[in-house]
Every structure is written in structure tokens, then in C-alpha cells.
Amino acid sequence: MASQKMTNALAGIETNPHQPTKLQQYTELLNEMVATSSGHELAQDLVYYLDSILSEEVSIVAARPLLDAFITVLQSLDPETKIKVGQHAITLLHTRSASVEEQDSQIREILADAYESQEDYTAAARTLQGIHIDSSQRLVSDAAKARLWIRIVRYYLEDDDTTNAEAFLNRIKNLPSKIEDHDAKLYFQLSQARILDARRRFLDAAQEYFNVSLAPGVDEEDRLTALSAAIRCAVLAPAGPQRSRSLARLYKDDRTPSVEEFGILEKMFLDRLLTADEVAAFAKKLAPHQLAVTADGTTVLDKAVIEHNLVAASKLYENIHVDDLGSILGLQSSGDVSAGEKAEAYAARMVEQGRLRGRIDQIDGVISFDADTLGGSSAGASNGTKLRQWDLGVQDLAEDVERVATSISDQFPEFATSQMVH
């Protein structure tokens with residue numbers, strides 16, 4: 001409850017019939033409140049002050065300058081007091097907001113700052129959502145709308161609420177004019193990447209993070225952070241030609257050797273098998289949504305690594321038994337399903353989706369791999385062709401050795417005879 005002194009002062013002002021004097025008294029009382037009260041008492045005094053200046057006895061024309069003075073005071077208060085008084089203010093303004101939209105907007109922004117300082121991001125976002133941007137009372141430019149919506153998107157993303165964040169991001173996309181402000185444009189790209197990441201559209205997210213890492217005006221540390229995020233998303237993406245292109249683009253970037261994720265990126269780009277220790281170390285850098293368990297009981301990372309190692313195995317073997325492949329992929333038997341059957345299921349799905357070229361002999365339990373499995377970094381001849389090339393190379397070498405030996409025998413017959421004796 002407000003102090004007795006302030007209650008009596010407000011009662012005296014309210015009964016004053018002379019309007020100019022009345023407004024002057026309100027202004028002087030506000031200054032006195034700030035000078036003499038603090039903490040909980042100040043919050044209560046300001047609440048009663050708002051009730052008085054926004055009552056029916058004070059015209060809206062007179063209330064506007066009083067609200068402007070109140071807003072100046074509100075900006076200087078501590079976050080807790082801002083929240084208590086600011087919430088009361090926007091509740092009172094709700095019925096009269098059409099006449100004081102500018103003041104309502106300013107109070108909501110101050111209140112959102114207070115919520116942000118206390119890490120209550122959803123409350124901050126909802127407070128800003130109440131700002132009227134489409135009305136006849138004031139003109140709000142597309143640039144101002146974009147800045148407001150980007151701020152709301154940022155708050156929702158802080159609380160991992162990608163559904164609401166995406167809704168406001170789509171509003172920005174639908175604006176008639178493009179975002180011209182560099183910082184707003186950059187945060188729009190970053191927000192889009194984070195939403196795609198949360199939606200597990202990892203290839204699209206990797207591209208957006210990579211674009212952010214190349215954008216002008218970004219600090220070097222932030223560039224590398226965005227590049228690391230791009231690599232993590234590319235690693236988590238399903239194996240296939242698109243991911244191979246994404247990995248190639250990231251691997252060829254001159255900056256990638258300086259980030260922690262370079263080791264796993266290099267192995268994936270070169271189609272090398274990943275060990276359990278490497279995967280465990282990489283998993284420690286992932287966000288919770290990137291480690292969420294899917295419907296089949298595996299994580300996104302588990303699935304990505306299994307598919308990658310399957311592709312890597314196809315580069316090493318022309319054909320392989322499903323049980324051996326299950327062992328290579330680190331799969332475990334569960335219930336009536338063996339590790340080999342799980343490996344076969346993964347291979348069958350990838351072949352069906354065109355992400356792996358090969359044939360499965362279910363009777364013999366053998367998988368045969370074809371040429372250019374994924375069209376990725378190790379594209380070339382098939383394993384069978386490579387073996388034939390190897391055989392021809394060995395044959396050519398043997399023939400060369402035979403020709404050299406014949407030449408030696410012709411030029412140095414005595415030496416050749418002595419060597420044969422030994």
C-alpha cells in the first residue's frame with residue numbers, strides 16, 4: 001500500500017479543480033516520490049500515482065505529458081520495480097491504449113528490458129507482442145516492425161520456443177520491403193539458422209550458419225562460432241550427395257582447421273570410419289535438441305554416424321556379410337533383432353532412398369556395394385574396378401622386373417650364373 005503521505009497528496013491533487021495547477025502538482029509529486037521513496041514503497045507509490053493520473057477525472061490530453069514524465073522515471077528504476085510498476089501501467093493503459101499507443105509502446109519496451117535482465121524471456125516476448133503496430137494513431141515503418149519482431153524472435157529462441165519464434169520470423173519474411181539494417185539482417189539469418197537447427201533440418205541450418213560466418217561486420221570469434229555450428233549441423237545431417245557437398249564446402253574453407261570440429265569434419269569428408277571415442281567427444285559439444293532420442297530409440301547423432309560409417313565401409317569393401325557390417329557400425333543386438341539385421345535395415349533404407357548404391361542378398365546375408373556410392377569426396381571407380389587396376393599394376397611391375405633381370409643376364413652372364421648358383 002502507498003505511504004500515507006503520498007495517499008493524502010494524491011487525494012489533494014484530485015480535488016483541485018484548476019487543471020494547469022493540478023498537472024504541475026502531479027509533476028512535483030512524482031519528483032518527490034523518486035527523491036524520498038525507494039524499493040517496495042516506491043513501487044506502491046507509483047502504482048497509486050498511475051491510478052490517479054489515468055482515472056476518468058484526468059483527460060487523456062493531460063495524461064500524455066504526465067505519462068511521458070512517468071516513463072522517464074520508470075527507465076531509471078531497478079528491474080524488479082520496473083516489472084511491478086510496468087505491469088500495472090500496461091494493464092491500466094489497455095482500455096485507453098488507442099489514445100496513448102506511443103506511451104504504451106515505450107512502457108512495454110522498458111518492461112521487456114526488465115524481464116530480459118531477469119532472464120524471463122518468454123514474458124519479455126509476450127510483453128512486446130502487445131505493442132500496436134497497425135493502427136491509424138501512429139505510423140510504424142517496416143524497418144521498425146522488423147526490429148521489433150526480431151527482438152521477439154530472439155527472446156523466444158532464448159527459451160527454445162521455436163514455434164513462436166518461427167511465427168514471428170515468417171512475419172518478417174512477409175514484409176513488403178527487405179531488411180536494410182545490417183545488424184537486423186544478420187540476426188534474421190542467425191535466427192533462421194537456429195530455427196532450422198531446432199527443426200532438425202540440419203543441411204539447411206548448416207548453410208545458414210555458414211552464411212552468417214561469411215557475413216561482413218561479424219567479429220572473428222562470432223564467425224568461428226557460426227562456422228562450428230555449421231559443421232555440427234552438417235555432421236548431423238543424413239548421409240547423401242547433399243551432405244557430401246556441404247561437407248566439401250566446409251572442409252575447403254581456410255578457417256576450418258582452427259575450430260574444434262575439424263577432426264570429425266575431415267574424417268567425414270574423406271569417408272573414414274569414426275570411432276566411438278571420437279563420436280563421444282563430439283557429442284559433448286552438441287545442444288540438447290541435437291541429442292534428443294528419436295522414435296526408434298537412437299539419437300540424431302547415432303543415426304548420422306551409423307549412416308556415415310556405412311558409407312565409409314562401402315569404400316573399403318566390395319561386399320561384406322551383414323553381421324560383420326553390424327560389428328563395424330557398432331550396432332548391438334536387441335531382443336529378437338541381431339546387429340546384422342539392424343545393419344541390413346540401415347543399408348536397405350539408404351539404398352531405397354538413393355543415398356547408397358548397392359545390392360543386398362538376404363539369403364546369403366551379403367551386401368555388395370557399387371561404384372561411386374554417394375558421389376562424394378571419394379568418388380571414383382568401383383571397388384571391383386580398383387582391384388582390377390591393382391592386379392594390372394602388379395602384373396606390369398612383375399613384367400618390368402622380368403625385363404630388368406633379362407637385361408642383366410644378357411649384359412653380365414657370368415654374374416647371372418653365379419647368382420643362380422647361390
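The lining of the second largest pocket is made up of 9 nonpolar, 5 polar and 3 charged residues. In this scheme Ala, Val, Leu, Ile, Met, Phe, Trp, Tyr, Cys and Pro count as nonpolar, Asp, Glu, Lys and Arg as charged, and the others, Gly among them, as polar. The structure is a predicted model, in which local features need pLDDT of at least 70 and side-chain atom pairs count only at pLDDT 80 or more, while totals for chains, interfaces and linings use all residues. Residues are numbered from 1 along each chain as its sequence is written, and side-chain values use heavy atoms, with hydrogens and water left out.

**Pockets**

The second largest pocket has a volume of about 370 Å³. A pocket is an open set of points on a 1 Å grid over the protein atoms alone, where a 1.4 Å probe fits, with protein on both sides within 12 Å along at least five of seven lines; lining residues have an atom within 4 Å of a point. Points are joined across faces, edges and corners, and the volume is the space filled by probe spheres set on them.

There are 17 residues in the lining of the second largest pocket, and D302, I306, L329, G330 and L331 lie nearest its centre. Two or more lining residues come from each of α15 (276-283), α16 (300-316) and α18 (339-352). Helix α16 gives the largest share, 4 residues. Helices are DSSP runs (H or I, at least four residues), numbered from the N terminus.

The largest pocket has a volume of about 480 Å³. Its lining holds 25 residues, with L190, R194, D197, Y209 and A229 closest to the centre. The elements that contribute two or more residues to this lining are α10 (182-198), α11 (202-214) and α12 (220-236). Helix α10 supplies the largest share, 6 residues. By class, 13 lining residues of the largest pocket are nonpolar, 5 are polar and 7 are charged.

**Salt bridges**

The whole structure contains 12 salt bridges, each defined as a side-chain nitrogen of Lys or Arg within 4 Å of a carboxyl oxygen of Asp or Glu. Among them are the following.

| Pair | Closest N to O distance |
|---|---|
| R108 and D104 | 3.1 Å |
| K267 and E278 | 3.0 Å |

The partners K267, in helix α14, and E278, in helix α15, are 11 residues apart, and the pair links distant parts of the chain. K267 is partly exposed at 22% relative accessibility, and E278 is partly exposed at 30%. The terms are set by relative accessible area (1.4 Å probe, protein chains only): buried is under 20%, exposed is over 50%, and partly exposed is in between.

R108 and D104 both belong to helix α6, where they are 4 residues apart, about one turn of the helix. Both of these residues are buried.

E260 is in the loop between α13 (241-251) and α14 (262-269), and K285 is in the loop between α15 and α16, so the bridge ties together parts that are 25 residues apart in sequence. E260 is exposed, with 64% relative accessibility, whereas K285 is partly exposed, at 31%.

**Backbone and surface**

Most residues other than glycine have a negative phi. E119 has a phi near 60°, a positive value in a residue other than glycine. This residue sits in the loop between α6 (101-117) and α7 (121-129) and is exposed, with a relative accessible area of 58%. For D160, phi is likewise near 60° and positive. D160 occurs in the loop between α8 (142-158) and α9 (162-173); it is exposed at 64% relative accessible area.

A nonpolar surface patch is formed by V404, I408, F412 and F415, with about 390 Å² of accessible area together. Patch residues have over 30% relative accessible area and no salt bridge, and nonpolar side chains (Val, Leu, Ile, Met, Phe, Trp, Tyr) are joined within 5 Å. Areas come from the Shrake-Rupley method with a 1.4 Å probe. F415 is part of helix α20 (residues 413-421) and is partly exposed, with a relative accessible area of 45%.

L50, in helix α3 (residues 39-53), is buried, with 0% relative accessibility. The C-alpha atoms of L50 and R245 are 61 Å apart, and the two residues are 195 residues apart along the chain.

Technical notes: Patch = residues over 30% accessible without salt bridge, like charges linked within 9 Å, V, L, I, M, F, W, Y side chains within 5 Å.
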